[in-house]
Amino acid sequence: MKKYYEKNISMESSKAIYEIAGRLCGGEKENVYLYENKDCVSVGVGRYCEIIVTPEEMVMEKEGVRQSIKVSDLCRDLDKLFKSVAVDSWRAYGIANFGLARYLYDLNMGGETEELFHFIIPDKEYRVHQDRILLRALNQEAIERMEKNIVNALQNRAGENNAILYDGQEILIFDQEYYKEIVELGVKEIRNKKYQKVILSRKIPVHHRLDMLQTYLQGRRGNTPARSYYYRFPDLEVAGFSPETIAEVDDAGTVYTFPLAGTRALLHDSETNNYLKEELLHDAKEVAEHAMSVKLADAELEQVCEAGSVAVIEFMSVIERGTVQHLGSRLRGKLRAEYNSWHAFCSLFPAVTASGIPKKEAIEAIGRMEKDARNLYSGGVLTYDNNGTLDAALVLRSIVQDSEETWVRVGAGIVEMSHPARELTETQEKVGSVAGQLVKEG
């Protein structure tokens, strides 16, 4: 069995650990996968093993050998495939596209990508803590090169004050009338009892190529996310500042989820913010929307957790996230012995706060009403460890760039009491978290 060679490097720096991790990404020429989780930022580099999952098959390529498995039971098949990776203490970095939602609820894929999951187990990894950096590499010689990158990252200040920002005003106003029209349609369908809640969004083009790593760093300085991430694949880059997690599973099988629903602006005026906070806590529409989301998350955990173990451990706190404040609750349960971490993830996917209630009807409505496929938006960026630990951030407040285009996407939860103009304003408040943080390329 292969193993990662490891070395701890003590560190004293006034820089935030996400800043150091971002600089480490800048010093690597291979693909990189940065994921900020609580008090650690991990950065995977390169590719030892790659796994791509579609509705029909799972393909794993490792050291030039390709293995294909027909999908029959997604969660058990994933668990079995990962257990076949003959490396000690690996961590996989992955994405889950919104098409997974259509697959899980037995809907045709519509315009969504057929790629449900894409995972990478890297050759090298940095795990950046406040006082040290753990280096991990499958090749011992790589450790020395990684040490040099750390020295350069801590010393190099190039480009820190030269960011050229993209004018985000056009992002705030793009497709306003279209968005109000689909909100009005959503409210009409809710009144006709087709579903209770639906999250509707709009895709917004960015008419300039971005320096995505600098955009991540600029955006992270201006946001207070639950998780942040910067993934650089050969044909896709994503940078994001997730306000909530879809699922967290620890090595003892405890499952957590953290739905946010209900929004007000967060400004540079404490008196106004306090007023908006109280307004949020007492707004019947926002409180009802949040309660519906918590109730569904509770029911989903009950499906895979031990009887009596599911509990709401935090209810309706006001959580500050960049340019907005949300109502947030946290739930916990103990995974049943016959299930694995993927059962927990798939029971909670897509996040209720990015799809709707009931989920199947809401997902179907999203496919009908939104004119662009979601793909990664409202999916997940995640890490998964060989001991079953899983951490999945909900893909919101994110910027995506491929070889052809650059875009952001933003949405809001629609219920019977929703008003199109207010929902449009809410999306503008949310997208403000990234609209003013975009760094132009070159």
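1. A salt bridge is taken here to be a side-chain nitrogen of Lys or Arg within 4 Å of a carboxyl oxygen of Asp or Glu. By this rule the count comes to 37 salt bridges, and it should be kept in mind throughout that the model is a predicted one.

2. Because Arg264 belongs to strand E16 (residues 260–265) whereas Glu279 belongs to helix H8 (residues 270–282), the contact ties together parts that are 15 residues apart in sequence. The two partners can also be described by their accessibility: Arg264 is buried, with a relative accessible area of 8%, while Glu279, at 30% relative accessibility, counts as partly exposed.

3. Arg264 also meets the side chain of Glu286 in a salt bridge, at 2.8 Å, N to O. This pair links distant parts of the chain, since Arg264 is in strand E16 and Glu286 is in helix H9 (residues 284–304), 22 residues apart. Here Arg264 and Glu286 are both buried.

4. Arg264, Glu279 and Glu286 are among the residues linked in a network of salt bridges, which also includes Lys197, Asp283, Lys285, Glu289 and Glu423.

5. A further salt bridge joins the side chains of Glu370 and Arg409, at 2.9 Å, N to O. Distant parts of the chain are linked by this pair, with Glu370 in the loop between helix H11 (359–369) and strand E20 (380–385), and Arg409 in strand E23 (residues 406–414), 39 residues apart. Glu370 and Arg409 are both buried.

Note on methods:
Residues numbered from 1 in each chain as written. Predicted model: local features only at pLDDT ≥ 70, side-chain atom pairs only at ≥ 80, totals over all residues. Heavy atoms only, no water. Helix = DSSP H or I, 4+ residues; strand = E, 2+ residues; numbered from the N terminus. Buried < 20%, exposed > 50% of the residue type's maximum accessible area, 1.4 Å probe, protein only.
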